[in-house]
Amino acid sequence: MSVGLYKYDGNIFEDAKEVLSENVASQRMYDKYLQPAIKELSIFYFQDGSEIRKANLDLVMDEIELLIKWVASHVEGDDKEYLLNRLKNMKEVISNSLENDEDVLYIF
């Protein structure tokens, strides 16, 4: 299992078509590293169960930067490389996926 970033064409609770599916982190990595970092850093938007909108894009980018810095100083080896690559990729994917004010990205 993993935690991912998703975008749908239409209402997620109705018959919506998935238009974006991007892995944030494996469940193990999320639970072991990102969950404690999110708690320690008081991350609000970039976490499991969140909705990301264009209106909060700057805050989301700031949160991802905080997570990148946390990972760089708290994680070692292959896990560090994996998470840094995923987080840097998330910045690009999120900024490119919020095209208008109605777009919503979901993390779960």
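In which handedness of crossing does α1 pass α2? Helix α1 passes helix α2 in a right-handed crossing; a crossing is right-handed if the near helix is turned clockwise from the far one by less than a right angle, and left-handed if anticlockwise. This is a predicted model, in which local features need pLDDT of at least 70 and side-chain atom pairs count only at pLDDT 80 or more, while totals for chains, interfaces and linings use all residues. Residues are numbered from 1 along each chain as its sequence is written, and side-chain values use heavy atoms, with hydrogens and water left out.

Two packed helices are described by the angle between their axes and the distance between the axes. Axes here are lines fitted to C-alpha atoms, for helices over the stretch in contact, and angles run from 0 to 180 degrees between N-to-C directions. Helices (H or I, at least four residues) and strands (E, at least two) are DSSP runs, numbered from the N terminus.

Helix α1 and helix α2 (residues 57–74) pack at an angle of about 120°, with their axes 10 Å apart. The two are therefore oblique to each other; angles under 35 degrees count as roughly parallel, over 145 as roughly antiparallel, 65 to 115 as roughly perpendicular and the rest as oblique. On the α1 side the contact (heavy atoms within 4.5 Å) is made by Tyr-33, Leu-34, Ala-37, Ile-38, Glu-40 and Leu-41, and on the α2 side by Leu-66, Leu-67, Trp-70, Val-71 and His-74. These residues divide into nine nonpolar, one polar and one charged, where Ala, Val, Leu, Ile, Met, Phe, Trp, Tyr, Cys and Pro count as nonpolar, Asp, Glu, Lys and Arg as charged, and the others, Gly among them, as polar.

Not counting residues up to four places away in sequence, Tyr-33 touches Trp-70, Val-75, Asp-79 and Leu-83. Tyr-33 and Trp-70 are 37 residues apart in sequence, and their C-alpha atoms are 9.4 Å apart. Gln-35 also lies in helix α1 (residues 27–41), but is partly exposed at 37% relative accessible area.

Helix α3 (residues 77–97) meets both of the other helices. Its axis comes within 10 Å of that of α2, and the two cross at roughly 170°, which makes α2 roughly antiparallel to α3. The residues of this contact divide into 13 nonpolar, one polar and four charged. Among them are Leu-57, Val-60 and Ile-64 in α2 and Leu-84, Leu-87 and Ile-94 in α3.

The axes of α1 and α3 come within 12 Å and cross at roughly 90°, so α1 is roughly perpendicular to α3. Here Arg-28, Met-29, Lys-32, Tyr-33 and Leu-34 in α1 meet Asp-79, Tyr-82, Leu-83 and Leu-87 in α3. The division is six nonpolar, no polar and three charged.

A search of the whole structure finds three aromatic pairs. Rings of Phe, Tyr and Trp (its six-membered ring) pair if their centres lie within 6.5 Å; planes under 30 degrees apart count as stacked, over 60 as edge-to-face and the rest as tilted. One of the pairs is Tyr-6 with Phe-108, with ring centres 4.6 Å apart and planes at 20°, so the pair is stacked. Tyr-6 lies in strand β1 (residues 2–9) and Phe-108 in the segment after β4 (104–107), so the pair ties together parts that are 102 residues apart in sequence. Tyr-6 is buried, with a relative accessible area of 15%, whereas Phe-108 is partly exposed, at 39%.

Technical notes: Buried < 20%, exposed > 50% of the residue type's maximum accessible area, 1.4 Å probe, protein only.
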